[in-house]
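Here are my notes on the model, as numbered points.

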Amino acid sequence: KISCERYIRRVLKTHGWEAEGNSRIDESSSSDRNVPMSPDSLKQIYTNGGDPEGTAKYADLAADMGFGYRTLLGELLYAYITCRPDIGYAVITLSKFSVAPAKIHYVLLKNVAKYLRRTIDWGLIYRKTIPDPSMAIGERPSLVLPADLPEFPTPSSPIQLTCYVDAAHGNELTRRRSTTGYAFVLCGAAVSYRTKTQSITATSSTEAEFLAAVLAAKHSKYLRAILKELGFSQDGPTPIY
């Protein structure tokens, strides 16, 4: 298991946000506690602009919120890159407003920290081909998942590289760009993942999905070459779901 629990605890302690119920972090609640950032927030994110960095109003807002926007953003980016792909979209989206954040951006960034506190022991769990009973994994925080969410497809082999990719059409409201998200899984957990605003404007959700699939396929070829050098050549094609 790769996790950054101690790092997250240190970040929370630095800001005085360790305990549940702390008014400094719980003064505003997420519309959905099970996600880092609710999709309902997108319109507010893109329609509210703050004062430019370096101005007096920028400093006043940071003082009023009790933390530096860039500081917390950098701390959350480190957690994302290390082992928390689940916060990727929220952090990358909010990073676009680091030059002139409004209060809503501060609140949503703080909500990502709250989400990490609720799921502090989460991480990337890799499994052996034959499970070892002595390597027990502790209980995870309970999540209420949608009833219609299907089961993830199971790879034919633990060492079969498998990709999960998706696209959200036009959710970057400034230029109506779409977002690509993918994760490559090996031995039960992600080994490579990314969330990225697409470089061109897709005119339909089908086109957005196609662009995402192409990007994932290119990365698949790269990872297959790496695995071959490491002695784990892929016998068949890499499934892209």
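Buried means under 20% relative accessible area, exposed means over 50%, and partly exposed lies in between (1.4 Å probe, protein chains only). The model is predicted: local features need pLDDT of at least 70, side-chain atom pairs count only at pLDDT 80 or more, and totals for chains, interfaces and linings use all residues. Residues are numbered from 1 along each chain as its sequence is written, and side-chain values use heavy atoms, with hydrogens and water left out.

1. Phe 232 counts as partly exposed because its relative accessibility is 43%. Phe 232 is located in the segment after helix 8 (205–229); helices (H or I, at least four residues) and strands (E, at least two) are DSSP runs, numbered from the N terminus. Together with Ile 159, Tyr 222, Ile 226 and Leu 230, Phe 232 makes a nonpolar surface patch of about 500 Å². Patches are made of residues with over 30% relative accessible area and no salt bridge; like charges are joined within 9 Å, and nonpolar side chains (Val, Leu, Ile, Met, Phe, Trp, Tyr) within 5 Å. The accessible areas come from the Shrake-Rupley method with a 1.4 Å probe, and for residues only the protein chains shown count as cover.

2. A nonpolar core is a set of buried Ala, Val, Leu, Ile, Met, Phe, Trp, Tyr and Cys residues joined through side-chain atoms within 4.5 Å. The largest one has 43 residues, and Ile 45, Tyr 69, Ile 87, Leu 94, Tyr 106 and Leu 109 have the most contacts inside it. Two or more residues each come from helix 1 (5–15), helix 3 (42–47), helix 4 (56–65), helix 5 (69–83), helix 6 (88–95), helix 7 (103–118) and strand 5 (189–197). Helix 7 gives the most to this core, with nine residues.

3. Second core. There is also a second, separate core of 13 residues, with Cys 163, Ala 202, Ala 216 and Leu 227 among them.

4. Contact means heavy atoms within 4.5 Å. With neighbours within four places in sequence left aside, Ile 45 is in contact with Met 37, Thr 93, Leu 94, Phe 97, His 105 and Leu 108. Thr 93 and Leu 94 are also among the buried residues of helix 6, along with Gly 88, Ala 90 and Val 91. These buried residues of helix 6 pack against helix 3, helix 5, helix 7 and strand 5.

5. Ala 113. This residue of helix 7 is buried, with a relative accessible area of 4%. Ala 113 and Pro 36 are 77 residues apart in sequence, yet their C-alpha atoms are 8.2 Å apart in space.

6. Ser 192. Which side chain does the side chain of Ser 192 meet in a polar contact? The partner is the side chain of His 219, at 2.7 Å. A polar contact is a pair of N or O atoms within 3.5 Å; within protein, one must be able to donate a hydrogen and the other to accept it, and residues adjacent in sequence count only if both atoms are side-chain atoms. Ser 192 lies in strand 5 and counts as buried at 14% relative accessibility. Beyond its neighbours within four places in sequence, Ser 192 is in contact with Tyr 182, Ala 183, Phe 184, His 219 and Leu 223.

7. Salt bridges. A salt bridge is a side-chain nitrogen of Lys or Arg within 4 Å of a carboxyl oxygen of Asp or Glu, and by this rule the count comes to four. One of them joins Glu 5 and Arg 9, with the closest N and O atoms 2.9 Å apart. Glu 5 and Arg 9 are separated by about one helical turn because they are four residues apart in helix 1. Another links Arg 84 to Asp 86 (2.8 Å, N to O); Arg 84 is buried at 1% relative accessibility, whereas Asp 86 is partly exposed at 29%. Glu 172 and Arg 175 also form a salt bridge, at 3.4 Å between the closest N and O atoms. Glu 172 counts as buried at 5% relative accessibility, and Arg 175 as partly exposed at 46%.

8. Backbone angles to check. Most residues other than glycine have a negative phi. Arg 176 has a positive phi, near 60°; Arg 176 lies in the loop between strand 3 (162–172) and strand 4 (177–186) and is exposed, with a relative accessible area of 51%. Cys 187 is not a glycine either, and its phi is positive at about 55°. Cys 187 is found in the loop between strand 4 and strand 5 and is partly exposed at 23% relative accessibility.
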